[in-house]
Structures are given as structure tokens and as C-alpha cells.
Amino acid sequence: MKAPILTLAVCTLEADLQRAKAVFASLAPIAEVEYLILSQGDGTPGRRHYTNTVGARISIVTSASRGLSRNRNIALTEASGDRIWFLDNDIEITNGDIAGLLDEIDAHNAHIHVCRIRCSDCDGDYKDYGRSRNGLLGLLRVSSIEIIADRHGLADKGIRFNESLGLGTAFPSGEENLLLIHAWRAGLRFHFSPATLVAHPCLLEERQPRQAWRNPGMLRSKGIIARQIGGWRSVALCLWWGARALRYTGSAMAPLRVLDGFLRDSRRVTR
């Protein structure tokens, strides 16, 4: 049987499995598409299947692993599709979104497609798309649920998610940016689409800078990612993020935490 073109991979914790199932609840069966849930918990590792109310077959892969990046790497291994879309358990997606993405994949010869996000709890886009996402610095503006990647292209270059970064680790952000940086440097082809293909809660209050910059681990993640840009731009970015951390938190410790991430042994945080 011919492999599907696309795998929709929703990563979740076992406690939130019902939320993940809700993502696929009304999606129709499509021959070119695989629906996959990756559930982390204390249960027995394995794979099972169920059918949603409109006849689509959903696969659930369970593991006792920890960390979002680890779960996404399991998705890269377990998926059958040539391309994989990394999704969260709180997104909303329609059959029309999937059809639109399949058209994008067919029209553009790219290893990495980057789409756009709309808000699911208010009108408008999830972020400011007036700024370019092209280039190493532009890639820092990309969110994980905007990424549709060629699994074989990543594998051929030995690129996977860094399991030292991401939710569930000491450095809870930036893993998707690091993956994209490695893909860019490896010469993989990118397509930055103007299409808005997924919805996510905007959570405007939680995403205010004064909230987002309070987490010490996230500040260290900023420093780690800044270092991976390389050259003078990495130093400039570390200083810029350090200055923003000081501004938003009012704490002298905040820029020091960014610097701490920047100075960490890169061999331990990029493999």
C-alpha cells in the first residue's frame, strides 16, 4: 500500500489524551493523510487504533518517555507519511485546512513548509506576520505547529529534535527553532506559506512579555538558541535578549540567566 503523503502528529500527555482526540473528532478520512496521537504516560508502550464519528482511523502510540521533544522524535519514527505536521493538543483544524496543505505540498518542492496560525478564541492572526521568517534570525519567529517537515529529508541529514530542550526539560522552549536552524544550515529547502492552516488559542494575557519572560528556564533557552545562530549575530542576540529580559522582569538576574544559557557547553544541548 502506498505510504500517505502527510501525517498529522498530535503530541500529548496521557492525562490530556481526550483533548488530543478532540483535535481529530470531526476530520474526515483522507487517503493521503495519517492521523497519529503520541501519548506520554506511565502506561505500557504500544500502538492501538480507533475510528472517529466520521470514519477516520486514528492511531495512538503510547510511551513512558518524558519531554515534548522526545515525543516528537517518537513521532518522526512512528509516522508513515512522507511529511509530518507537528501539532499540539489544543489546536483546531478543519478538513479544508488539510486540503489546503496538501495543495501547498503539491505546488512547492520544499523539505520544510511553514504555514500560519489563526486565533481560535478571538478574531485575527496568532502573531504578527508582517516580519519575515526567512533566514536564521527569521526562523526564531516560527512556532512548532507551523512546521510541516519532510521526514526523509530530516533523516538524511541526521536532524531530530534536541531532547535537552522543550517542555518537560530544564530548558522549556526553542527546540523547534533549533531544528529549523540545523535544517537551514544543512541546505534543506524551505517554503514560507501565506496560508493560515491551523487555529490555536491566542491567550493574549499569558503571552504578554512580562509573563513570558519570568521563567528562568525559558531565559536560559534563549541564551542556548542565541549561541546556535553563530558569529557576531549570536553575541548581539544574546545581548538583545538579555536587555529585553531586564526590561520585562526588572530583575538583574534575568539577563544573567540568558548569559548562562549562552555559555553552556553547546555539545550537551545541540545533539
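This briefing walks through the salt bridges of the structure above and the surroundings of Glu175. Please keep in mind that the model is predicted. Across the whole structure, a search finds 9 salt bridges. Several of them are described below, beginning with the network that includes Glu175.

- Glu175 is part of helix H6, which covers residues 175-185.
- With a relative accessibility of 5%, Glu175 counts as buried, because buried means under 20% relative accessible area.
- Salt bridges link Glu175 into a network with Arg72 and Asp88.
- The side chains of Glu175 and Arg72 are also joined by a polar contact of 2.7 Å.
- If you set aside neighbours within four places in sequence, the residues in contact with Glu175 are Leu68, Ser69, Arg72, Phe161, Asn162, Leu165 and Gly166.

**Glu163 and Arg70**

- A salt bridge connects Glu163 with Arg70, and their closest N and O atoms are 3.5 Å apart.
- Glu163 sits in the loop between helix H5 (151-156) and H6, while Arg70 belongs to helix H2 (residues 68-78), so this pair ties together parts that are 93 residues apart in sequence.
- Glu163 is partly exposed, at a relative accessible area of 37%.
- Arg70 is likewise partly exposed, and its relative accessible area is 32%.

**Glu146 and Arg133**

- Here the side chains of Glu146 and Arg133 form a salt bridge, with an N to O distance of 3.0 Å.

**Arg220 and Asp260**

- The side chains of Arg220 and Asp260 meet in a salt bridge at 2.8 Å, taken from N to O.
- This pair ties together parts that are 40 residues apart in sequence, because Arg220 lies in helix H8 (residues 216-229) and Asp260 in helix H10 (residues 253-262).
- Arg220 is partly exposed, with 24% relative accessible area.
- Asp260 is partly exposed too, with a relative accessible area of 28%.

**Burial at a glance**

- For the remaining pair, Arg220 is partly exposed, and Asp260 is partly exposed.

Methods
Residues numbered from 1 in each chain as written. Predicted model: local features only at pLDDT ≥ 70, side-chain atom pairs only at ≥ 80, totals over all residues. Heavy atoms only, no water. Helix = DSSP H or I, 4+ residues; strand = E, 2+ residues; numbered from the N terminus. Buried < 20%, exposed > 50% of the residue type's maximum accessible area, 1.4 Å probe, protein only. Polar contact = N/O pair within 3.5 Å; in protein donor to acceptor, adjacent residues only side chain to side chain. Contact = heavy atoms within 4.5 Å. Salt bridge = Lys/Arg side-chain N within 4 Å of Asp/Glu carboxyl O.
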